[in-house]
Amino acid sequence: MSEAPGADTSRTDGLVAAIGGPVHVVGAGLLGTSVGLAARRAGLEVWLSDTSPEHVRTASGLGAGTPAPPTGAAALTVVAVPPDHVAEVVLQALERGGVVTDVASVKSRPLSDLERRAPEAVARYVGGHPMAGSERSGPLAATAALFDGRPWAVTPHAGSEPAAVAAVDALVRICGAEPVRLSPLEHDRAVARTSHLPHLLAALAAGQLADAAPEHLSLSGQGVRDVTRIAAGDPALWRQILRANQPAVSEVLREVEASLHRLVGVIETGDDAALGEILGRGVAGTRVIPGKHGGPTLPTEAVYVAVPDHPGELARLFADVGEIGVNIEDLRIDHDPGRPVGLVELLVAEDAAPGLREALGRRDWVTHR
């Protein structure tokens with residue numbers, strides 16, 4: 001087995017052994033090339049294939065592997081193709097032999113197709129879905145660190161062979177991710193609620209802006225940018241995702257439909273207590289989203305700092321916060337057209353916020369709550 005230059009296999013030898021041979025990545029885009037880079041980092045041999053020869057050449061040049069040989073079966077095939085083609089490409093990989101996984105964001109429908117078309121071979125298939133990505137696409141956006149510390153759903157079905165599950169778990173850990181075991185149905189319900197629904201709600205909110213008057217849009221602040229950011233995703237890809245996960249997405253949209261119908265009634269009748277209950281439930285929802293390192297969300301407070309819009313000012317602000325001894329939990333930057341400065345929102349531990357404001361003020365930063 002060949003090793004990537006400089007590969008440190010001291011902590012991955014057992015994981016590499018669980019895979020037992022070459023890894024074939026089908027689809028040399030962002031995710032596929034990143035898998036190849038991470039696998040090569042661990043010393044695994046990686047084969048690459050894609051409908052675009054240019055993608056294969058680029059990914060190979062980046063060190064993600066070598067073009068797949070015309071014959072022969074890999075020990076593990078990773079299918080990283082658009083959702084509409086997952087089942088067909090997985091089936092082709094199963095026919096060649098070895099364990100097969102994929103990185104698609106929907107699991108139940110491809111599995112159903114495979115169980116119908118290849119009932120004997122499907123035992124070697126174990127679905128997967130890394131919760132990682134980028135606003136960029138293609139092999140040039142790939143990195144071996146893309147999955148480091150990220151959750152990666154591993155979705156064995158009732159007939160999956162234990163050795164196949166172990167091989168996919170090993171790949172996940174080799175890529176630096178944390179495997180999260182779910183059934184295919186549980187996975188699809190989870191992503192419908194945490195990924196597909198937010199995208200659709202963002203699309204609806206952003207759609208309200210498309211024909212808005214310019215004077216209305218001039219009042220846009222960070223709130224509307226936060227809510228609509230993910231609506232800029234590729235519509236062609238999202239059509240495929242939403243079609244594939246139609247049952248789970250429809251179910252959660254019906255729940256939102258009922259909530260929206262209630263909200264309209266509450267607004268129209270001026271039911272202040274009911275409105276408070278709805279808004280309070282929203283606050284409760286934000287608090288159950290896992291925080292850093294998968295732990296509980298910690299109480300934070302925002303410290304707003306006006307930062308001159310020229311080079312070096314952000315670096316100076318971060319250096320000052322570091323010298324003050326406060327950890328930044330998160331941050332946002334708001335740019336308003338009529339303001340010559342950016343407004344940086346630093347989220348810090350609740351008990352650290354007052355002292356940080358005072359200390360930054362002594363260093364001539366303009367802050368406010």
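This is a predicted model: local features need pLDDT of at least 70, side-chain atom pairs count only at pLDDT 80 or more; totals for chains, interfaces and linings use all residues.
Which residue stands opposite Glu-345 in S11? The residue is Arg-332. Mean pLDDT over the protein chain is 91, and 93% of the residues score at least 70. The exception to note is residues 1–9, where pLDDT stays under 50; the model has 20 contacts beyond four places in sequence for this stretch.

Strand S11 covers residues 341–349. Seven of its nine residues are buried, so the strand is largely enclosed by the rest of the structure. Two strands pair with S11. Strand S9, residues 300–308, runs antiparallel to S11 and is joined to it by nine bridges; within this pairing, Ala-302 has Leu-347 of S11 as its bridge partner. Strand S10, residues 330–334, is also antiparallel to S11, with five bridges. Strands of a sheet pair through backbone hydrogen bonds, in either the parallel or the antiparallel sense.

An open sheet of five strands has the order S3-S2-S1-S4-S5, with parallel pairing. Its edge strands are S3 (66–67) and S5 (99–102), each of which pairs on one side only. S3 is joined to S2 by two bridges in the parallel sense, and Thr-66 in S3 is the bridge partner of Trp-47. Helix H4, residues 86–96, lies across S1, S4 and S5. The angle between H4 and S5 is about 165 degrees.

Helix H2 takes up residues 30–41. Its twelve residues reach 16 Å from the first C-alpha to the last, close to the 16 Å expected at 1.5 Å a residue. H2 is mostly covered, with ten of the twelve residues buried. Among them are Leu-30, Val-35, Leu-37 and Arg-40. An α-helix has 3.6 residues a turn, so residues three or four places apart point the same way. The cover over the buried residues of H2 includes strands S1 (23–26), S2 (46–49), S4 (76–79) and S7 (151–155), along with helices H3 (53–61) and H6 (162–174). After H2 comes Gly-43, with a positive phi near 95 degrees.

Just after H6, Gly-176 takes a positive phi of about 90 degrees.

Gly-176 is also one of the residues touched by Asp-148, together with Arg-41 and Cys-175, not counting residues up to four places away in sequence. Asp-148 is found in the loop between strand S6 (127–130) and S7. Asp-148 and Ala-38 are 110 residues apart in sequence, while their C-alpha atoms are 9.4 Å apart in space.

With a relative accessible area of 1%, Lys-107 is buried. Leaving aside neighbours within four places in sequence, Lys-107 is in contact with Asp-102, Tyr-125, Gly-127, Gly-128, Thr-155, Pro-184, His-187 and Asp-188.

Glu-313 is found in helix H13, residues 313–324, and counts as buried because its relative accessibility is 11%. A polar contact of 2.7 Å joins its side chain to that of Arg-316. Beyond four places in sequence, Glu-313 is in contact with Val-307, Pro-308 and Trp-365. Asp-364 lies in the loop between helix H14 (353–362) and strand S12 (366–368). Asp-364 is exposed, because its relative accessible area is 70%. Its phi is near 70 degrees, a positive value in a residue other than glycine.

Note on methods: Residues are numbered from 1 along each chain as its sequence is written. Side-chain values use heavy atoms; hydrogens and water are left out. Helices (H or I, at least four residues) and strands (E, at least two) are DSSP runs, numbered from the N terminus. The expected span of a helix is 1.5 Å times one less than its number of residues. Buried means under 20% relative accessible area, exposed over 50%, partly exposed in between (1.4 Å probe, protein chains only). Contact means heavy atoms within 4.5 Å. A polar contact is a pair of N or O atoms within 3.5 Å; within protein, one must be able to donate a hydrogen and the other to accept it, and residues adjacent in sequence count only if both atoms are side-chain atoms. pLDDT is the predictor's confidence in each residue, from 0 to 100. Two strands pair if DSSP finds at least two bridges between them. Axes are lines fitted to C-alpha atoms, for helices over the stretch in contact, and angles run from 0 to 180 degrees between N-to-C directions.
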